[in-house]
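Dear colleague,

Please find below the structure that I am handing over to you. The findings follow directly after it.

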Amino acid sequence: MPENFRFSPLLVVAAVALEIQDALTDWPHLPRTSFPVGEMITVSPCIQVLVTGVGAVRAAAATALALQNWPCAALLHVGVGGAYPASGLPVGALVTAASECDPQAGILTPDGYRDLGGLGFPLTTAFPNRIVFDSPWADWVAQQVAPAPRLPFATVQCCSGTNAAAELMAFRAEAAVENMEGLAVAWTAGRFGVPYAALRTISNLTGDRDRQQWNLPAAQAVLAQAVGAILAAVRVESGRDCS
Ligand SMILES: O=C(O)c1cccc(C(=O)CC[C@H]2O[C@@H](n3cnc4c(=O)[nH]cnc43)[C@H](O)[C@@H]2O)c1
């Protein structure tokens, strides 16, 4: 890690409370179940938690408001996600995001789908509908949870509840993991100049809804342990004044 790299103050973002509450057992003063959407919860002077609500719109708005009110050095996005079957990821697997993609933005034409670049509004000059996470912060988070794989993620508004949708989204996004908030939070963080990293556990396989093999408790438990370890490391880096 570069000597001058700081990752606190840290904002930890989740879509719903159950994705973060079990990681906070080392801070017994915190509520265990009450994390109102959009309200910042102070974990320590250097760690705040934000629950955004589900979906890109809620997540972007809540994150923007939070970052405007609480400038921070890094953002950690945590949650559960669906694995595209071709990824081979099992339920309960821990993964970090190498990139985020929006495989539903663009236009459907008689000749097929065109992404944001094809529409004339690419997200960045490098990629039409993708953001790549290669900051020292994202590298550090990936190292903390190694050997968990660092994989391309896709953010959708409409989850892949059929095999055909799962195959199409995985193909378009060249992604392994599906979620509903990642690109929105990453984009917002980028606009505020805040480095972004994402950590998710697989709660289900995408595809035909009655075969999705959900195991939320298992995903929650793995996530809580990984996020707890990262927060403990941030606490150490922050020193006594920030614990
Ligand atoms: O009811 C269903 O069949 C169903 C299928 C997929 C996702 C959901 C959710 O309610 C997702 C809520 C939440 O969890 C993340 N998540 C988890 N698995 C997936 C997925 O397969 N595709 C997209 N998002 C997923 C998501 O980020 C939301 O925050 C219900």
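I begin with the strands. Strand E5 (residues 94-101) and strand E9 (residues 150-155) run parallel and are joined by five bridges. Here strands (E, at least two residues) and helices (H or I, at least four) are DSSP runs, numbered from the N terminus, and two strands pair if DSSP finds at least two bridges between them. Cysteine 101 has alanine 154 in E9 as its bridge partner. E9 in turn pairs with E10 in the parallel sense, over three bridges; there, threonine 155 has asparagine 179 of E10 as its bridge partner.

Two notes on the source apply throughout. Residues are numbered from 1 along each chain as its sequence is written. The model is predicted: local features need pLDDT of at least 70, side-chain atom pairs count only at pLDDT 80 or more, and totals for chains, interfaces and linings use all residues.

Next, the ligand. It is surrounded by 17 residues, of which the closest are Ala15, Gly82, Cys159, Asn179 and Met180; a residue is near a molecule or strand if its C-beta atom, placed from the backbone, lies within 6 Å of it. Two or more residues of this shell come from each of strand E4 (74-83), strand E10 (177-179) and strand E11 (196-205). E4 gives the largest share, four residues. By class, the shell divides into six nonpolar, eight polar and three charged residues. In this scheme Ala, Val, Leu, Ile, Met, Phe, Trp, Tyr, Cys and Pro count as nonpolar, Asp, Glu, Lys and Arg as charged, and the others, Gly among them, as polar.

As to helix packing, the axes of helix H1 (residues 56-69) and helix H5 (residues 182-191) come within 8 Å and cross at roughly 25°. Axes are lines fitted to C-alpha atoms, for helices over the stretch in contact, and angles run from 0 to 180 degrees between N-to-C directions. H1 and H5 are therefore roughly parallel to each other, a term for angles under 35 degrees. On the H1 side, Ala56, Ala59, Ala60, Thr63, Ala64 and Leu67 meet Leu183, Ala184, Val185, Thr188 and Ala189 in H5, contact being C-beta atoms, placed from the backbone, within 7 Å. The residues of this contact comprise nine nonpolar, two polar and no charged.

Finally, some backbone geometry. Most residues other than glycine have a negative phi, and most peptide bonds are trans. The bond from serine 8 to proline 9 is cis, with omega near 5°, and proline 9 is found in the segment before strand E1 (10-14). Also cis is the bond from alanine 146 to proline 147, with omega near 10°. Glutamate 174 has a positive phi of about 50° although it is not a glycine.

With kind regards

Key: Angles under 35 degrees count as roughly parallel, over 145 as roughly antiparallel, 65 to 115 as roughly perpendicular and the rest as oblique. Two residues are in contact if their C-beta atoms, placed from the backbone, lie within 7 Å.
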